[in-house]
Amino acid sequence: MAGDNVVHISDAEFDAKVLQGGVPALVDFWAPWCGPCKAIGPVIDELADEFAGRARIVKMNVDDNPATPGKYGIRAIPTLILFKDGQVLDQVTGAVGKAQLIAMLDKAL
Amino acid sequence: MAPDFDLVIVGGGPAGLTAGLYAARARMKTVLLEKGAVGGQVLLTDWIENYPGFPDGLTGFDLMEKMAAHAGRFGLETRTATVASMDLAKDVKTLFLQGEGSITTRAVILVTGAGPNKLGVPGEAAFTGKGVSYCATCDGPFYRDQEIAVIGGGNTAVQEANYLTRFASKVTLIHRRDQLRATKIVQEKAFANPKIAFRWNSVVTAIEGDSGVRRVLLQDTVTGLKDTLDLQGVFVLIGVSANNQCIPLDVVGADKDGFVLTDSEMRTRIPGVYAAGDIRSKEVRQVINAAGEAAVASWMAEQYLSGYE
């Protein structure tokens, strides 16, 4: 099923699932009141299916989890941050195209 | 060899989905290509209250969800793909997709839309996503009880300034002229809003801060005097520029700003190539005329294709 590979995480899970997750992780910071965030949902689902096993595609609701977005200075969504070995590798804000996100992920693999 | 499609629609905003609706009902062999999510710029709008048939208004997202469902109901095929370039001059047109080969078609409707203009001042790029925003509905809630500025004087700027007062303690509207261009009813709301202050005849020359935005530098366009304004966020809403990166403008024809030229029936100078919505060279960019133009473009494409039966 589309979207089954997307991991929804909370602030408490961020360290284990993203920083020490073992594979590169693309985190989609989103909120239910943000139209572009909801609109790129299907793209995030597709990426999660296509990169299953190679990279972790993660979504974090910034309404429910304010600590992590605060730590990374996020004041605009959707913001997508690519983490590898606990470090920020790349970052993009706005409803960008799928090809751009694939190129970002390919560089981390 | 027959081309892959009768019609390819490039873009998935209101114009693209309307063209797709008409094409699907006309049973043209059609695909709509969208690089990311269907919806387009209207997703950046918090509230649409000038689209007929929705007297209570609705969010940009809800309107686009309805348009996508409407086109989908008649079987429109949509594909997530980025068009890298196009060969439109020939009878059979070829669209080259980023990383996914190419597709061929008889007709093309260009509905790639437009995107927000940047200010082009120091600090803007560095603070994008960290205090500089182009989407009030996305980012407004990050500025609860903070002071922010909206730059611009058109419909989008003034409407979103009103919207942002739900969150911000103070919104300063910075405009380079001494009056607004926005529709009167939108202006009236802003003038009546006690949380909105106005800085007339002012341009932002730089955005400064540390981990986030702290202030903007201003210059008066009449007196030349410089000033600073302390704030935590800047919303840049100063019009749009064309999403034309994949379009061969020298072939289809464009105005000086890169918007595609058409006749009143949405035909470009290349037979079988049409443009509709915000990518078209025109004065008014609203959801309603984007949809209307797309209906015309689809209709004209159907007529063009009938010559090949």
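Analyst: Cys246(B) counts as buried, because its relative accessibility is 13% and the cut-off for buried is under 20%. Keep in mind that this is a predicted model.

On to the disulfides: there are two over all chains. In chain A, Cys34(A) pairs up with Cys37(A), with 2.2 Å between the sulfur atoms. The torsion about that S-S bond is about 80 degrees, so the Cys34(A)–Cys37(A) disulfide is right-handed. Cys34(A) is buried at a relative accessible area of 0%, and Cys37(A), at 1%, counts as buried too.

Over in chain B, Cys135(B) and Cys138(B) form a disulfide with their sulfur atoms 2.2 Å apart. Here the S-S torsion is about 70 degrees, so this disulfide is right-handed. Both Cys135(B) and Cys138(B) are buried.

Now the rings. The count comes to eleven aromatic pairs over all chains. One of them is Tyr163(B) with Phe167(B), an edge-to-face pair at 5.5 Å centre to centre and 75 degrees between the planes. Tyr163(B) is buried at 9% relative accessible area, and Phe167(B) is buried at 11%. Tyr304(B) and Tyr308(B) also make an edge-to-face pair, with centres 5.7 Å apart and planes at 65 degrees.

Tyr308(B) is partly exposed, at 34% relative accessibility, and the charged end of Arg106(B) sits over its ring, 4.1 Å from the centre. Arg25(B) lies over the face of Phe74(B), 4.7 Å from the ring centre. Back in chain A, Phe14(A), Tyr72(A) and Phe83(A) form one aromatic cluster.

Terms used:
Residues are numbered from 1 along each chain as its sequence is written. Chains are lettered from A and ligands numbered from 1 in the order in which they are written. This is a predicted model: local features need pLDDT of at least 70, side-chain atom pairs count only at pLDDT 80 or more; totals for chains, interfaces and linings use all residues. Side-chain values use heavy atoms; hydrogens and water are left out. A disulfide is a pair of cysteine sulfur atoms within 2.5 Å. Buried means under 20% relative accessible area, exposed over 50%, partly exposed in between (1.4 Å probe, protein chains only). Rings of Phe, Tyr and Trp (its six-membered ring) pair if their centres lie within 6.5 Å; planes under 30 degrees apart count as stacked, over 60 as edge-to-face and the rest as tilted. A charge sits over a ring if NZ of Lys or CZ of Arg is within 6 Å of the ring centre and within 35 degrees of the ring normal.
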